[in-house]
Amino acid sequence: MLRLLTIICSLLFSFTAHANTEKLKVVASFSILGDIVQQIGGDAIDLHVLAKANSDAHVFEPTPYDAKTLAAAEIVVINGLGFEGWIERLVLASGYKGQIVTASKGVNTIAPEEEHHGHEEHDDHGSVDPHAWHNVANVKTYVANIRDALAKHDPTNTVHYNARARAYLLQLESLDTWIKSEIAKVPQAKRKIITTHDSFQYYASAYGISFIAPLGVTTDSEASAADIAKLIDQLRNRQIQAVFFENTSDGRIVRQLQTDAKAHIGGTLYSDALSKNDGPAASYLALMRHNTAQLVAGMLYNPMLHKH
Ligand SMILES: [Zn+2]
């Protein structure tokens, strides 16, 4: 009898222990969003990220494993604003029937750069620039949306999600303050940058920098010779200090600018994907700090002090 009781007790114990460790299965569409979701979910969620570090989420190609993981997910978090053009097809193919949470819901959106209207890649994105995470204020909205969605699907962990979101919001607050104080070190007239695809319009409007990109909003097109010539003119006429590479796009254009216009290369910016874990932008917070440090150094670059 005692033996039977022991067995029943241990069975009950293992059952409750299992129930307590059952994690909410979450899928996030790309690496930057994945990090934000993980910050809020902590160890209460089991997260799968679709477009991984250093990969271009605009042209993501899902594997059969991605589809399988998606089918088993309890909640899917996407950026929205047309960023993940492939998500509907993937959701349909996987048979996922759950909720799709749009993290950017309620952010202040901006239209893509005027001068890129007419580029055909525009059709992918519609009339809104999807790269809203480059404004920290927008990411606070992402955090609120993700927190509420996690709590809704996993109410027993509401306190956990709320506490983690609150702590993360404080970190975002100090990040935002830090970025503003760093940019303030650069004289107004020097706040001009060239990048390889214009994903920095939110950063530009939030923090007061002009970004000029040789390509449209997405990355799957090549700049023509005329585009390059136009850029070189812009570099010279507007006295732009530095050009930047991005981790997910082709660096040929930037290298050509360096050769043809003797532009200073300001390093690599992370726009649409995190770096690998051992890189300088392995989290959203690190990405924003890295980009800001690179941009400030590039804009303050003084060719008189660096004779090649
Ligand atoms: Zn992009």
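Me: How many helices and strands does the secondary structure of the protein chain come to?
Reply: The model is a predicted one. The protein chain has 308 residues, and 39% of them count as buried. Its secondary structure comes to 10 helices and 8 strands.

Me: In what order do the 4 strands of the open sheet stand?
Reply: The pairing in this open sheet is parallel. Strand 6 (210-212) and strand 8 (264-269) each have a single partner strand, so they stand at the edges, with one side of each left without a neighbour in the sheet. From one strand to the next the twist averages 35°. The order is 6-5-7-8.

Me: At about what angle does helix 10 run to strand 8?
Reply: Helix 10 is made of residues 284-299. It lies across strand 5, strand 7 (242-246) and strand 8. Its angle to strand 8 is about 175°.

Me: Are helix 6 and helix 10 roughly parallel or roughly antiparallel to each other?
Reply: The axes of helix 6 (residues 158-183) and helix 10 come within 10 Å and cross at roughly 5°. Angles under 35 degrees count as roughly parallel. Helix 6 and helix 10 are therefore roughly parallel.

Me: How many residues of the contact of helix 6 with helix 10 are nonpolar?
Reply: Helix 6 contributes Gln171, Leu175, Ile179, Glu182 and Ile183, and helix 10 contributes Leu285, Met288, Thr292 and Val296. Of the residues in this contact, 2 are polar and 1 is charged. The number of nonpolar residues is 6.

Me: What is the bridge partner of Val76 in strand 4?
Reply: Strand 3 pairs in the parallel sense with strand 1 (residues 24-30) over 3 bridges, and Val27 stands opposite Val76 there. Strand 3 also pairs with strand 4 in the parallel sense, over 4 bridges. In strand 4, the partner of Val76 is Ile100.

Me: Is Leu81 buried or exposed?
Reply: Leu81 lies in the loop between strand 3 (75-78) and helix 4 (87-94). Leu81 is not a glycine, yet it has a positive phi of about 60°. With 20 C-beta neighbours inside 10 Å, Leu81 counts as buried.

Me: How does Asn54 count, with 16 C-beta neighbours inside 10 Å?
Reply: Asn54 sits in the loop between strand 2 (45-51) and helix 3 (64-71). Asn54 has a positive phi of about 60° although it is not a glycine. A residue needs 20 or more neighbours to be buried and 12 or fewer to be exposed. With 16, Asn54 counts as partly exposed.

Me: How far apart in space are Ser104 and Ile146, C-alpha to C-alpha?
Reply: Ser104 is found in the loop between strand 4 (99-102) and helix 5 (136-153). Ser104 has 22 C-beta neighbours inside 10 Å and so counts as buried. In sequence, Ser104 and Ile146 are 42 residues apart. In space, the distance between them is 9.5 Å.

Methods
Residues numbered from 1 in each chain as written. Predicted model: local features only at pLDDT ≥ 70, side-chain atom pairs only at ≥ 80, totals over all residues. Pairing = 2+ DSSP bridges. Helix = DSSP H or I, 4+ residues; strand = E, 2+ residues; numbered from the N terminus. Axes fitted to C-alpha atoms, helices over the stretch in contact; angles between N-to-C directions. Contact = placed C-beta atoms within 7 Å. Parallel < 35°, antiparallel > 145°, perpendicular 65-115°, else oblique. Nonpolar A, V, L, I, M, F, W, Y, C, P; charged D, E, K, R; others polar.
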